[in-house]
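Please read it beside the coordinates.

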Amino acid sequence: MPNPEIEDITITKCPKACSEAGCVISGKFYCAHPAKGGLQHDAAHDLAAHDRVAQARKIVGLDRPPLKRDQEPQQQEAPAQ
């Protein structure tokens, strides 16, 4: 379910609901804005936090399709010499 507290996020500004006391995206004391830092390792199993990051990424235009479990990451080609 989308979090209405995240809807006013921009590519450069955090949601108004964020403060010195915490971030509405991470749900913790650190900023998880997708263009500023993202989630830290302690949120690896926090599915709600991952959902909030995905919502924020979509709003600011940084969303990408999820990687399917059986799909290999695409390798970037080396620049031509």
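The points below are grouped by topic.

The model is predicted, so local features need pLDDT of at least 70 and side-chain atom pairs count only at pLDDT 80 or more, while totals for chains, interfaces and linings use all residues. Residues are numbered from 1 along each chain as its sequence is written, and side-chain values use heavy atoms, with hydrogens and water left out.

**Gln55**
- Helix H1 (residues 47-60) contains Gln55; helices are DSSP runs of H or I with at least four residues, numbered from the N terminus.
- Gln55 has a relative accessible area of 15%, and buried means under 20%, exposed over 50% and partly exposed in between, with a 1.4 Å probe and protein chains only; Gln55 is therefore buried.
- Beyond its neighbours within four places in sequence, Gln55 is in contact with Pro2, Asn3, Ile6 and Glu7, where contact means heavy atoms within 4.5 Å.

**Largest pocket**
- The largest pocket holds about 330 Å³ of space.
- Its lining consists of Leu47, His50, Asp51, Val53, Ala54, Arg57, Lys58, Asp63 and Arg64.
- A pocket is an open set of points on a 1 Å grid over the protein atoms alone, where a 1.4 Å probe fits, with protein on both sides within 12 Å along at least five of seven lines; lining residues have an atom within 4 Å of a point.
- A volume is the space filled by probe spheres set on the points, which are joined across faces, edges and corners.
- The lining residues comprise three nonpolar, one polar and five charged; Asp, Glu, Lys and Arg count as charged, Ala, Val, Leu, Ile, Met, Phe, Trp, Tyr, Cys and Pro as nonpolar, and the others, Gly among them, as polar.

**Aromatic pair**
- The count is one aromatic pair, taking rings of Phe, Tyr and Trp (its six-membered ring) with centres within 6.5 Å; planes under 30 degrees apart are stacked, over 60 edge-to-face and the rest tilted.
- The ring centres of Phe29 and Tyr30 lie 5.6 Å apart with planes at 80°, so the pair is edge-to-face.
- Phe29 is exposed at 64% relative accessibility, whereas Tyr30 is buried at 6%.

Terms used:
Helices (H or I, at least four residues) and strands (E, at least two) are DSSP runs, numbered from the N terminus.
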